[in-house]
Amino acid sequence: MDNQLPAMPNSLFHRASMATLSFNPTRIPNKPISNITSISKPTKISFLSSIKPANNNHKPHHFQSNTTLKLSVSTQEEVEVEDYEEDDPTAEMSYLDPETDPDSIIEWELDFCSRPILDIRGKKVWELVVCDDSLSLQYTKYFPNNVINSITLKNAIVSISEDLGVPLPEKVRFFRSQLQTIITKACKELDIKPIPSKRCLSLLLWLEERYETVYTRHPGFQKGSKPLLALDNPFPMELPENLFGEKWAFVQLPYSAVHEEVSSLETRFMFGASLDLDLLGIEVGDKTLIPGLAVASSRAKPLAAWMNGLEVCSIEADTARACLILSVGISTRYIYATYKKSPVTTAEAEAWEAAKKACGGLHFLAIQEDLDSEDCVGFWLLLDLPPPPV
């Protein structure tokens, strides 16, 4: 994509374009990502042509996010954490928030994998973990390693529905590519749509919490045991033509404006996806500048529609390859855009990544008809998370 971006006062975003290689200090009242001296002649940057408890008496606590942002945990939640830690780590969970309408839970997040725990046979125990994105539904069940198949999983999904009195979900998200065959087969036999996606953030954070509060306390825990099914991080591929944009820019928005864009997903016709930061335990000040990537295209709506079906996970500035990498689904990575590598452009990309890290991995992707537009046709709030410890 062409990255020639003149500074315009009516733009929705504060830009940190790699054309000028710095923020315009006359437009940015807050501290910029970098202090790189701007250059007068813009560079050409082109898109690649080849872009807790085991009972139901009270609600289990919300997990804490492993981010650098300030975490918000109430006194009551701390009490529940203490209660949870006193529970038997071998116990299983079957919980439904009594204040939640069961019919409203139409999407589940699911993991079915081995844990760093050995059974009496000396074999790794497997566990099914299921929740929804609000943690109103939480379910866990251990299995021996010799019954791991789609039939076992299908029967377990039916049992969850029957035991908790919730309908079978319309969609099930999962993040392990190695289990795609088993999960897909089980879901399709139940007329459930399986969605391979790393946007299982509630599940990923819950697994991180369970590692600390459950698995490490289990009598069969094996310290130092590595995950059996590690997450894939494949070499990035060429971007499909239908995902091409025309221009792009590093940008930033105060969180208050990000919140407005996320709210627009529900109030007007707009593609994208949001995150429940309150649930994830992430507290962000309204004036905190959130880094993002703005993409402009004369065919912005079709582009946003295509992106909407990809389960967009994150965007990374790869300074070694002088490109931007778009991660979607479980393990698909695309070279989203390239730029001419130089000490200045490398520093700018590193500054954007540093800003993302300072926000605990929080960032966004915005698609517009023009980079100077006040409106977006697509907006995705994204969060980088480390892989789960199991």
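Student: Is Leu135 buried or exposed, and at what relative accessible area?
Tutor: Bear in mind that this is a predicted model, with local features needing pLDDT of at least 70, side-chain atom pairs counting only at pLDDT 80 or more, and totals for chains, interfaces and linings using all residues. Residues are numbered from 1 along each chain as its sequence is written, and side-chain values use heavy atoms, leaving out hydrogens and water. Buried means under 20% relative accessible area, exposed over 50%, and partly exposed in between (1.4 Å probe, protein chains only). Leu135 is therefore buried, at 1%.

Student: Where does Leu135 lie?
Tutor: Helices (H or I, at least four residues) and strands (E, at least two) are DSSP runs, numbered from the N terminus. Leu135 isn't a glycine, yet its phi is positive, near 60°. Its place is the loop between S4 and S5.

Student: Which strands are at the edges of the six-stranded sheet?
Tutor: Two strands pair if DSSP finds at least two bridges between them. The sheet is open and mixed, running S2-S5-S4-S3-S6-S7. Pairing on one side only picks out strand S2 (94-96) and strand S7 (193-196).

Student: What angle does helix H4 make with S4?
Tutor: Axes are lines fitted to C-alpha atoms, for helices over the stretch in contact, with angles from 0 to 180 degrees between N-to-C directions. Contact means heavy atoms within 4.5 Å. H4 (residues 201-213) packs on the sheet and touches S3, S4 (124-131) and S5 (137-143). Its direction against that of S4 comes to about 135°.

Student: In S6, which residue is the bridge partner of Trp108?
Tutor: Strand S3 (residues 107-118) and strand S6 (residues 171-174) run parallel, joined over three bridges. Across in S6, Trp108 is partnered by Val172.

Student: Which residue in S12 stands opposite Ile315?
Tutor: S11 and S12 (residues 323-328) pair in the antiparallel sense over six bridges. Opposite Ile315 is Leu326.

Student: How far from Cys200 is the nearest cysteine sulfur?
Tutor: A disulfide is a pair of cysteine sulfur atoms within 2.5 Å, and the structure has zero of them. Cys200 is in no disulfide, and the nearest cysteine sulfur, on Cys131, is away by 8.1 Å.
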